[in-house]
Amino acid sequence: MDQVLYGIDYIEYYFYWIYYKFIGYPLIIRICSIAVMFCIIAYLFLLFHIIYGIFKRRKEKRRYNKAFDKYYEEMKSISLDSNTLSEEEIADRLQYDTKKRPKPNELRIITQLLTEIKSVHEDDIHELNYQTIQTVFQITRFLERELQFGSKRAKIQALKLIQSINGYASEAVLVRFLYHREIELRNSARYTYMWLSQGDPFRFFDEDIGMKLRQWDMMELHAILEHRKKVGYNTPSFIKWVNTSAEENVKIFFINEIRLYNEIDSAPILAKQINARSTEIRGEAIRTLGKLKYKEIEPKLIEMYHVQPEEVKRQIISAVADLKTDKALGFLYNAYDEADNWGTKRIILKALYEYSAMGRKTFDQLERKADSHTAILFAHTKHPLINQLI
């Protein structure tokens, strides 16, 4: 007599039916079937993930467009207004109800809009109005909340936004991240601290002599230094970190900053770096001393020239050309005569051509004696466009 199955008994019956039928297949068929089953499950999971991602991005785009249409043009107009406006006036112009605070997602979009306004119209912005917009939307409160309760990614984004919109976060909130074990979060917090602090913002270079910097980190640091200079803070003396840092690329970064900020007082101490073991540090130090017009170093550069690798030789030639003491003409002439590298010869010719009237005369003498192979070097040196690229 046939028995009718219901509920769990129905499922259990077909489960055992499939199970015992599956056992009867060869091993390779069973393995392949399991592999195909897992592939189908993975494919379905990936498909749902893609569909969810598309839906989420469209939703974010709609939310962004809505905030953009509502706030962007008026925020830009307020930021560029030459008249200083009060919080009430800005709130009225934005048609913003201060009693009804926006949701975090909307505040994130508003900070993005502020960043866009800052990046496009930085030189024309009325800073007080721009900051008052942030006060109206309570951007500082939002950023500090992100730092306290957000994910790691949200924390890093908040730290970068503080710099992008010239915002603010209290030192009490930042201090917990200054020595965080996650290097990306730690560095972002330190850069923001340097951006905001009026006390001792660069103390980390004294405390952490092994501080590692990527190329992007160096770009951020330079932007911070430029910002601090723009708002009237004193530029620190970089030479102490050249001497104390254990990282080669960090030393080179600070040597470059000495050159860019023309810290002439650092030249006597920096001169010790021309004996550095690293050719990169040696070359950057020589280049910087030339740009600083530290003429006392010229005899030492001429003395050490012949035992240096080619890249350092080129930096010595460029430094001597920058110093223009009128005492190195014979050195440049002999250096050209002894050089066997075309790149070095070309730099020496450029130095002679721009050195002085006597240097130009020496250049002409060498050109008259040049053979067909080296004549092109002289032609390139005299060419006004090519000469700028050397």
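Is Arg 203 buried or exposed, and what is its relative accessible area?

Tutor: Arg 203 is buried, with a relative accessible area of 18%; buried means under 20%, exposed over 50% and partly exposed in between, with a 1.4 Å probe and protein chains only. The model is predicted, so local features need pLDDT of at least 70 and side-chain atom pairs pLDDT 80 or more, while totals for chains, interfaces and linings use all residues. Residues are numbered from 1 along each chain as its sequence is written, and side-chain values use heavy atoms, without hydrogens or water.

Arg 203 sits in the loop that joins α9 (183-196) to α10 (204-207); helices are DSSP runs (H or I) of at least four residues, numbered from the N terminus. Leaving out residues up to four places away in sequence, Arg 203 touches Leu 178, Tyr 179 and Tyr 193 (heavy atoms within 4.5 Å). With Tyr 179 there is also a polar contact, side chain to side chain, at 2.9 Å. Such a contact is a pair of N or O atoms within 3.5 Å, one able to donate a hydrogen and the other to accept it within protein; residues adjacent in sequence count only through side-chain atoms on both sides.

Now the core. The largest nonpolar core has 102 residues, and the members that touch the most others are Met 75, Phe 137, Leu 147, Phe 205 and Ile 316. A nonpolar core is a set of buried Ala, Val, Leu, Ile, Met, Phe, Trp, Tyr and Cys residues joined through side-chain atoms within 4.5 Å.

Take Met 75, which is located in helix α2 (residues 27-80). Met 75 is buried, and its relative accessible area is 0%. Beyond its neighbours within four places in sequence, Met 75 is in contact with Leu 94, Ile 110, Leu 113, Leu 114, Ile 117, Ile 133 and Phe 137. Phe 137 in that list is also among the core members with the most contacts to other members. Between Met 75 and Leu 46 there are 29 residues in sequence and 41 Å in space, taken from C-alpha to C-alpha.

Ile 316, another of those core members, touches Ile 286, Leu 301, Met 304, Tyr 305, Gln 308 and Phe 331, again not counting residues up to four places away in sequence. In soluble globular proteins, nonpolar side chains tend to be buried together.

Key
Helices (H or I, at least four residues) and strands (E, at least two) are DSSP runs, numbered from the N terminus.
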